[in-house]
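Please open the model in your viewer and keep the selection tool at hand. The stops below say what to select and what can be found there.

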Amino acid sequence: MGYGELEGQSPLFRSHQPNAQEMQQPESPGVARAEVAVGWPEVEEALVLLQLWANLDVLLVASWQELSQHVCAFTKALAQRPFKQFQESGTFSFCTAGRWTAGERVTKDGTGLRGAWWRQIRQFNRVSPAVADAVVTAFPSPRLLQQAYLACSTDQERLALLADLPVKVDEGARPRRVGPDLSRRICLFLTSTNPDLLLDLSS
């Protein structure tokens, strides 16, 4: 199969043009060559037979550039296949066995809501269990905190609502508060309608 291309002709199927030397040589009747013309219907039939009977795919390309692009793409796909197979077959690293994977059950009467809310607060960056306890103790559910935000008259008041909540510390340790950063993040989390808002300015 040649890759040279004549103007206005298919690169695959060209009529045989005899050169001057061939025209000068007389052909004897017994040595005459038979020219075979192959059309697209025959080629398509051959491709179907190769696919169905031999399980082979044939790619027809018009130039060596297309052939080289296909070889590069095939080589890249072949090199990446083991990695993709490992990704597809491997389990998710964060789905380990344990009680925490089931989450916190919240029943219709509200049992478990406090635990689920506490876990939600703990998902923020740099939030210790003691800080989450302080928020959940002051506002046992997110709905109560949202109502407190609605009662605030200004945005500044909303952002600083949780900042002065005391955090329990060990005896002899300095008293701590929730702080303005976490107060701002929780406020934005519960009141913002912007899905692209960055809650943690340090990330």
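Begin by selecting helix H2, residues 40–53, which has 14 residues and spans 20 Å from its first C-alpha to its last, close to the 20 Å expected at 1.5 Å a residue; the expected span is 1.5 Å times one less than the number of residues. Helices here are DSSP runs (H or I, at least four residues), numbered from the N terminus, as are strands (E, at least two).

A word on the model: it is predicted, with local features needing pLDDT of at least 70 and side-chain atom pairs counted only at pLDDT 80 or more, while totals for chains, interfaces and linings use all residues. Residues are numbered from 1 along each chain as its sequence is written, and side-chain values use heavy atoms, with hydrogens and water left out.

Next, select Leu145, Leu162, Val178 and Ile186, which have the most contacts inside the largest nonpolar core, a set of 21 residues. Such a core consists of buried Ala, Val, Leu, Ile, Met, Phe, Trp, Tyr and Cys residues joined through side-chain atoms within 4.5 Å, where buried means under 20% relative accessible area, exposed over 50%, and partly exposed in between (1.4 Å probe, protein chains only). Helices H4, H5, H6 and H8 each supply at least two residues of this core, and the largest share, five residues, comes from H5.

Which residues surround Leu162, leaving aside its neighbours within four places in sequence? Its contacts (heavy atoms within 4.5 Å) include Val135, Phe139, Tyr149 and Ser183.

Now show the rings of Phe124 and Phe189, which form an edge-to-face aromatic pair, 5.4 Å centre to centre with 90° between the planes. Rings of Phe, Tyr and Trp (its six-membered ring) pair if their centres lie within 6.5 Å, and planes under 30 degrees apart count as stacked, over 60 as edge-to-face and the rest as tilted. Phe124 lies in the loop between H4 and H5, and Phe189 in helix H8, 65 residues apart. Phe124 is buried at 10% relative accessibility, whereas Phe189 is partly exposed at 35%.

Finally, select Asp181 and Arg126, whose side chains meet in a salt bridge at 3.2 Å, N to O; the term requires a side-chain nitrogen of Lys or Arg within 4 Å of a carboxyl oxygen of Asp or Glu. Asp181 also meets Arg184 in a salt bridge, at 3.6 Å, and salt bridges that share partners join Arg126, Asp181, Arg184 and Arg185 into one network.
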